[in-house]
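Cut-offs are given where each term comes up.

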Amino acid sequence: MQIEWDIAERERHVVGDAPRIEPLAQSALNASDVEMIEEIRRGAGAPPLTGDAPEFMRTLIRHPDLFNVQMAMGTALYFGKLPPLERELAILRVGWLCGAPFEWGQHVSIAGRMGMQPEVFERARIGSSAEGWTEHELAIVRGVEELLENKALSNETWDTLEHAEHVLGHK
């Protein structure tokens, strides 16, 4: 499954001319808000804030319950059982297939900080038809494609992914 996007054009289409919901000012964040933001940044391998919190976080925090759930999910993913580069590979493929320029860009940065090599970004754009995947990486990419297209994993993909020790916590 290969999809091509003009990233700049897609971003203009998705984002528009200006934010539809204005982000909170940095000064409106309380200490608890900043700590949650720092925790998710640590999980993503980002350095501590030296300026304003990211705009998307300051927008989402306008609805604290939603922000808390989103950050809890992000933190659980970042500190979960999946190895970081495998998690990022799946996120990159989802971001590309969904035409999500912000998600793609953020996770290119995150994956790069975690050691993902530039050629993997190009393969993630191309997908399961790209050359150079290991059997396990191919199953991750193919799994994303199957889930988005069919809403289910094939037995072949499941069998490959199941044999990774960290997935089900056994072996």
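## Helix α7 and its cover

A residue is called buried under 20% relative accessible area, exposed over 50% and partly exposed in between, with a 1.4 Å probe and protein chains only. In helix α7 (residues 118–126), the residues that count as buried are Val120, Phe121, Arg123, Ala124 and Arg125. Helices (H or I, at least four residues) and strands (E, at least two) are DSSP runs, numbered from the N terminus. An α-helix has 3.6 residues a turn, so residues three or four places apart point the same way.

The cover over the buried residues of α7 includes α5 (84–97), α6 and α8. After α7 comes glycine 127, with a positive phi near 100 degrees. Arginine 123 lies over the face of tryptophan 133, 4.7 Å from the ring centre. The criterion for a charge over a ring is NZ of Lys or CZ of Arg within 6 Å of the ring centre and within 35 degrees of the ring normal.

## Basis of the model

The model is predicted: local features need pLDDT of at least 70 and side-chain atom pairs count only at pLDDT 80 or more, while totals for chains, interfaces and linings use all residues. Residues are numbered from 1 along each chain as its sequence is written, and side-chain values use heavy atoms, with hydrogens and water left out.

## Overall fold

The protein has ten helices and zero strands. Its C-alpha atoms fill a box of roughly 50 × 40 × 30 Å along the principal axes. Of the 171 residues, 35% count as buried.

Contact means heavy atoms within 4.5 Å. Among contacts with a separation of 6 or more, 61% come from residues 24 or more positions apart. Threonine 75 is in helix α4 (residues 64–78) and is buried, because its relative accessible area is 15%. Leaving out residues up to four places away in sequence, threonine 75 touches Glu39 and Ile40.

## Aromatic pairs

Rings of Phe, Tyr and Trp (its six-membered ring) pair if their centres lie within 6.5 Å; planes under 30 degrees apart count as stacked, over 60 as edge-to-face and the rest as tilted. A search of the whole structure finds two such pairs. One is edge-to-face, between phenylalanine 56 and phenylalanine 102, at 5.2 Å centre to centre and 65 degrees between the planes. This pair links distant parts of the chain, with phenylalanine 56 in helix α3 (residues 55–60) and phenylalanine 102 in helix α6 (residues 101–113), 46 residues apart. Phenylalanine 56 has 35% relative accessibility and therefore counts as partly exposed. Phenylalanine 102, at 39%, is also partly exposed.

Tryptophan 96 and tryptophan 104 form an edge-to-face pair, 5.1 Å centre to centre with 65 degrees between the planes. Tryptophan 96 is buried at 3% relative accessible area, and tryptophan 104 is buried at 8%.

## Surface

The protein exposes about 10100 Å², of which carbon and sulfur atoms supply 56%. Accessible areas come from the Shrake-Rupley method with a 1.4 Å probe; for residues, only the protein chains shown count as cover.

Leu147, Leu153 and Trp158 form a nonpolar surface patch with about 250 Å² of accessible area together. Leucine 153 is in the loop between α8 (135–150) and α9 (155–162).

Methods:
Patch = residues over 30% accessible without salt bridge, like charges linked within 9 Å, V, L, I, M, F, W, Y side chains within 5 Å. Salt bridge = Lys/Arg side-chain N within 4 Å of Asp/Glu carboxyl O.
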